[in-house]
Amino acid sequence: MNSSTNHPLGWALIGCGGIGNHHSQWAVSTPDVGVRAFCDIDADAASRYYEQFEGDYYTTDPMRIFSDPDVDIVAIATPHSTHADLAVAALHAGKHVYLEKPMAMNTADCLRIYKAMQAAGTKLMINFSIRFSGATRAIKSRLQPPKVSHAQCMVRRDDLTRWQWDAEIGGGPLYDVGVHLVDLLCWMHDAPPVEVFATGGQVTHGGELADPYLNAQHGCVEGNTSRKRRAFNIVDTAAATIRFANDSVATMLMSDAGYNTVLSKWFFQFFDGEQSAVLYEHFRKVTFTAPDPVTGELTSETLTPPPIERLPLLIDAIRNDTDPYVPVYPGILATLLLEKITESIHSGRPQEIELPIEYRSQL
Ligand SMILES: NC(=O)c1ccc[n+]([C@@H]2O[C@H](COP(=O)([O-])OP(=O)(O)OC[C@H]3O[C@@H](n4cnc5c(N)ncnc54)[C@H](O)[C@@H]3O)[C@@H](O)[C@H]2O)c1
């Protein structure tokens with residue numbers, strides 16, 4: 001491990017897929033990083049990345065990465081259900097971790113990662129992409145924590161064969177994209193969420209994933225889709241209201257019911273009681289509206305500030321022994337909130353959100 005010296009930090013990637021390509025590009029363009037290795041259960045994928053980004057080796061075995069003394073940072077960009085075990089193993093081996101979202105698929109696994117990180121004394125950053133946007137950061141610095149917000153992610157009807165849709169492996173769009181919405185709301189509101197009430201479930205794919213056994217029990221015969229029981233094992237649509245500890249409130253809308261080109265996939269509005277901000281065009285653009293200090297007339301300004309570079313923020317935390325830009329606590333909170341949204345959808349009742357007391361002060 002080279003953390004306390006001025007040597008470049010050895011970097012390895014686990015998960016040579018879509019976002020793994022971005023992680024690799026960040027690694028090769030960060031001066032303080034030496035690209036060491038690529039790992040994927042698919043040997044062809046690992047070998048392609050090894051050739052493209054010129055590491056020292058590729059492997060299908062994560063243990064080879066964890067036991068390599070020349071690896072300091074492990075980027076984990078694999079399907080959601082694998083995050084917890086891979087992150088814990090990396091931390092046990094004394095590595096720093098750049099972990100993809102969601103941190104894990106349940107709060108217990110998030111806390112397992114958190115404890116492993118504390119025991120290792122290493123750093124872990126979560127890749128909540130929207131936090132690195134220049135437009136988002138401009139909102140955070142210009143507005144007071146909002147009193148009221150709206151967060152939205154709308155995409156076209158999704159392909160059910162993708163792993164993201166598997167209840168066990170991906171958790172569906174709530175865990176894939178909804179996690180960004182809840183994280184950004186918690187960050188902007190600057191207070192932990194205390195209550196959520198949500199409705200939705202399998203709205204756009206009603207019945208498509210239904211368990212045949214349950215369908216039989218509920219009188220469904222083949223061809224009679226109207227009587228199919230909705231399985232609700234995946235949330236494709238969620239409409240939620242969230243109240244925060246500072247009594248501010250937010251709405252959240254997430255679905256694969258369709259895309260619109262006006263607002264784009266991601267759309268956010270924040271109102272702090274005086275100013276407002278609208279974040280749109282894939283969180284690249286922000287329009288602020290505020291009263292003129294002299295005339296009181298409302299004026300608007302639109303900005304497209306560039307995003308900040310991600311990996312150097314983890315390097316800074318390692319070199320200076322500080323919390324990284326996106327630390328573990330927001331990751332725990334986001335997964336907890338997703339669990340509560342799901343519980344509210346299933347029960348039809350509002351859910352209180354309470355993190356175990358020992359973690360509360362850190363959020
Ligand atoms: N932060 C963002 O904006 C953003 C964007 C896209 C995806 N992601 C996240 O990145 C992660 C990966 O998503 P993706 O779209 O790149 O998926 P992907 O399917 O394109 O790539 C995943 C890769 O992981 C490999 N893999 C699966 N299990 C593995 C294991 N146990 N060990 C090693 N390799 C394994 C697969 O073979 C595949 O090559 C997910 O957590 C996803 O939510 C984040």
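I began with the sheet, where six strands lie in the order S3-S2-S1-S4-S5-S6 and form an open sheet with parallel pairing; I took two strands as paired if DSSP finds at least two bridges between them, and strands (E, at least two residues) and helices (H or I, at least four) as DSSP runs numbered from the N terminus. This is a predicted model, in which local features need pLDDT of at least 70 and side-chain atom pairs count only at pLDDT 80 or more, while totals for chains, interfaces and linings use all residues. Residues are numbered from 1 along each chain as its sequence is written.

I looked up the edges next: strand S3 (57-59) and strand S6 (124-126) each pair on one side only. From one strand to the next the twist averages 20 degrees, with axes fitted to C-alpha atoms (for helices over the stretch in contact) and angles running from 0 to 180 degrees between N-to-C directions.

Helix H2 (residues 43-53) lies across strand S1 (9-14), strand S2 (33-39) and S3, and runs at about 165 degrees to S3. Contact here requires C-beta atoms, placed from the backbone, to lie within 7 Å.

Finally, I recorded the totals for the protein, which has eleven helices and 15 strands. Of the contacts with a separation of 6 or more, 70% are between residues 24 or more positions apart.

Technical notes:
Contact = placed C-beta atoms within 7 Å.
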